[in-house]
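Hi,

Here is the structure I said I would pass along.

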Amino acid sequence: MTKSLVIYYSRAGQNYVNGDIVDLPVGNTEIVVNYIKEFTGADTFKVETVEDYPIDYMETTEVAKEELNNNARPELKEELTDISEYDIVYIASPNWWGTLPMALFTQLEKLDFTGKIVKTVVTHEGSGLGSTMGDVKKLCQGAEIKKGLAIHGAEAKNSKSNVERWVE
Ligand SMILES: Cc1cc2nc3c(=O)[nH]c(=O)nc-3n(C[C@H](O)[C@H](O)[C@H](O)COP(=O)(O)O)c2cc1C
């Protein structure tokens, strides 16, 4: 039987949706992750940083920009070390300044992706996949990288059938 794992990052709280700041009880990416789980029975691993990002959306974007510019590797509360039991690894992420949050870099570069199938889904506010696929290729060496899926954050709730088609 095929075993799947979703590695994801998602930041609940203040977010920018169609031009307005709204408070999301569940992050957009996590909504998509729940659909992936429903369709595939995948295990999930949520990447969480030791240091919380600011509650304020704009402040978070500034912190994240600095992390990207410094090629930072934020410390994580918990790290996965072994994914050998999985055949398919889903990477689910918001688009932060065109790519994955640096916290996902911290996690992904510690894993051995040899022989895995990797499927990437990104939620975004207009930039689509940005440069995530190039970065995923670098971070998941030895994996077969499938076509990525971009979902507009505000459409996360309505993306169920899209996600269903993409996981098949
Ligand atoms: C720090 C930060 C940077 C972001 N940068 C971009 C960006 O460059 N392009 C874009 O389309 N959306 C950007 N967004 C919007 C998020 O990608 C979008 O709201 C996403 O759905 C959030 O997912 P989440 O709720 O799971 O964290 C950014 C959001 C944050 C918090």
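Strand 5, residues 88–94, is mostly covered, with 6 of its 7 residues buried. Bear in mind that this is a predicted model.

On one side, strand 5 runs parallel to strand 1 (residues 4–8), and 5 bridges join the two. If you want a place to start looking, Ser4 has Ile88 of strand 5 as its bridge partner. Strand 5 also pairs with strand 6 (residues 117–124), again in the parallel sense, this time over 7 bridges. Here Tyr90 is bridged to Lys119 in strand 6. To get from strand 5 to strand 6 the chain passes through helix 3 (residues 102–108), and this β-α-β crossover is right-handed.

**The hairpin**

Strand 3 (residues 20–24) is another story: of its 5 residues the number buried is 0, so this strand lies largely in the open. Strand 3 pairs with strand 2 in the antiparallel sense over 5 bridges, and Val17 stands opposite Asp20. The two strands form a hairpin with 2 residues between them. In that turn, Asn18 has a positive phi of about 50 degrees.

**Around the ligand**

Which residues come nearest to the ligand? They are Gly27, Thr29, Pro94, Ser127 and Gly153, out of 23 residues around it. Strand 2 (13–17), helix 1 (28–40), helix 2 (57–69) and strand 6 are the elements that give two or more residues to this shell. By type, the shell divides into 6 nonpolar, 14 polar and 3 charged residues.

**The chain as a whole**

Zooming out, the protein chain has 5 helices and 8 strands. Read from the N terminus, the order of elements is β-β-β-α-β-α-β-α-β-α-β-β-α. The radius of gyration is 15 Å, close to the 15 Å that the globule rule gives for 168 residues, so the chain is as compact as a globular protein of that length. If you need to set up a box, the C-alpha atoms fill one of roughly 45 × 35 × 25 Å along the principal axes. Of the 168 residues, 38% count as buried. As for contacts with a separation of 6 or more, 79% of them are between residues 24 or more positions apart.

**Two loop residues**

I also looked at a pair of residues in loops. Gly130 is in the loop between strand 6 and helix 4 (132–139). Gly98 is 32 residues away from Gly130 in sequence, yet their C-alpha atoms are 4.7 Å apart.

Glu79 is in the loop between helix 2 and strand 5. With 12 other C-beta atoms within 10 Å, Glu79 is exposed, because the limit for that class is 12 or fewer. Beyond its neighbours within four places in sequence, Glu79 is in contact with Gln107 and Lys110.

Cheers

Terms used. Residues numbered from 1 in each chain as written. Predicted model: local features only at pLDDT ≥ 70, side-chain atom pairs only at ≥ 80, totals over all residues. Buried ≥ 20, exposed ≤ 12 C-beta atoms within 10 Å, placed from the backbone. Helix = DSSP H or I, 4+ residues; strand = E, 2+ residues; numbered from the N terminus. Pairing = 2+ DSSP bridges. Right-handed = clockwise from strand over helix to strand, strands pointing away. Near = placed C-beta within 6 Å. Nonpolar A, V, L, I, M, F, W, Y, C, P; charged D, E, K, R; others polar. Rg over C-alpha atoms; globule rule 2.2 N^0.38 Å. Contact = placed C-beta atoms within 7 Å.
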